[in-house]
Amino acid sequence: MSMNIVEFVKQQEPLFVGALTENTVTWAKESQFAIQHFQKNDFLAKTALANPISAQNAIINIAAIGISLNPANKDAYLVPRDGMVCLDISYLGLLRIAQEAGSILWGQCKLVHANDTYESNGLDKAPTHKYNAFGDRGEIVGGYCTVKTPGGDYLTEEMSVADIKKVEATSKAKNGPWKTFWEEMARKTIVKRSHKYWPRSNRLDTAIQALNDAEGKGREARRWER
């Protein structure tokens with residue numbers, strides 16, 4: 001299995017190089033990261049060999065978006081989903097893309113718990129959010145993403161836990177990462193909705209579209225992410 005998947009990855013070099021948009025991402029490194037992903041997950045490797053087109057598309061998306069599979073960054077992963085290999089991008093990866101593309105100077109996304117002190121200060125300001133990081137914060141009630149634009153403006157988008165769960169309910173990933181990494185998926189949902197208010201970036205738009213395709217987002221899910 002290992003030799004087969006290694007050879008499969010190596011054969012994708014022309015597709016990767018042809019789709020490459022960022023010189024910070026290289027085939028020499030990403031091919032090794034991809035091989036590591038497959039070798040650590042036998043089911044993922046079997047899925048790739050059974051559905052090679054999906055694996056090829058995932059590898060092409062890495063190059064087209066300019067995102068790295070480097071496990072140290074925790075920006076993106078190859079995951080099996082509904083018989084396909086998909087490129088999954090974390091909320092940290094989306095924020096990194098937005099920064100590198102020049103849409104934002106920096107950004108953060110946090111979840112709010114029932115026992116936190118939270119006060120919204122409007123769209124153009126960061127909220128007031130105080131909490132005891134080492135105490136009982138209670139259940140999650142929502143979250144927010146605040147970014148600073150190149151023009152020096154602050155933009156804040158808030159999302160209730162009810163709206164987050166509406167997105168979860170319509171996602172193909174609801175029985176996968178939504179079960180095992182709910183907080184990370186919640187943050188990603190908030191960032192995806194927030195990006196609509198940032199200066200446009202084709203690179204970020206491509207990443208969001210790839211995520212929606214991989215997660216099977218229909219019209220209803222996209223409505224709650226607006």
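Student: What's the strand order in the open sheet of three strands, and how are they paired?
Tutor: In this predicted model, the order is β3-β6-β7, and the pairing is antiparallel.

Student: Which strands stand at the edges?
Tutor: β3 (106-113) and β7 (154-160) do. Each has a single partner strand, so one side of each lacks a neighbour in the sheet.

Student: And how far are neighbouring strands turned against each other?
Tutor: By 15° on average, with direction ignored.

Student: How many bridges between β3 and β6?
Tutor: Eight, in the antiparallel sense, with β6 spanning residues 140-148. As for individual residues, Cys-109 has Cys-145 of β6 as its bridge partner.

Student: Which strands does α9 lie across?
Tutor: Helix α9 (residues 182-194) lies across β3, β6 and β7, and runs at about 125° to β3.

Student: What about α7?
Tutor: Helix α7 (residues 161-169) lies across β6 and β7, at about 75° to β7.

Student: Switching to helix pairs. At what angle do α6 and α10 pack?
Tutor: About 160°, with the axes of α6 (residues 91-100) and α10 (residues 202-215) 9 Å apart. Because angles over 145 degrees count as roughly antiparallel, α6 is roughly antiparallel to α10.

Student: Which residues make that contact?
Tutor: From α6, Leu-94, Ile-97, Ala-98 and Glu-100. The α10 side has Arg-203, Leu-204, Ala-207, Ile-208 and Leu-211.

Student: How many of the residues in the contact of α6 with α10 are nonpolar, polar or charged?
Tutor: Seven are nonpolar and two are charged, with no polar residues.

Conventions:
Residues numbered from 1 in each chain as written. Predicted model: local features only at pLDDT ≥ 70, side-chain atom pairs only at ≥ 80, totals over all residues. Heavy atoms only, no water. Axes fitted to C-alpha atoms, helices over the stretch in contact; angles between N-to-C directions. Helix = DSSP H or I, 4+ residues; strand = E, 2+ residues; numbered from the N terminus. Parallel < 35°, antiparallel > 145°, perpendicular 65-115°, else oblique. Contact = heavy atoms within 4.5 Å. Nonpolar A, V, L, I, M, F, W, Y, C, P; charged D, E, K, R; others polar. Pairing = 2+ DSSP bridges.
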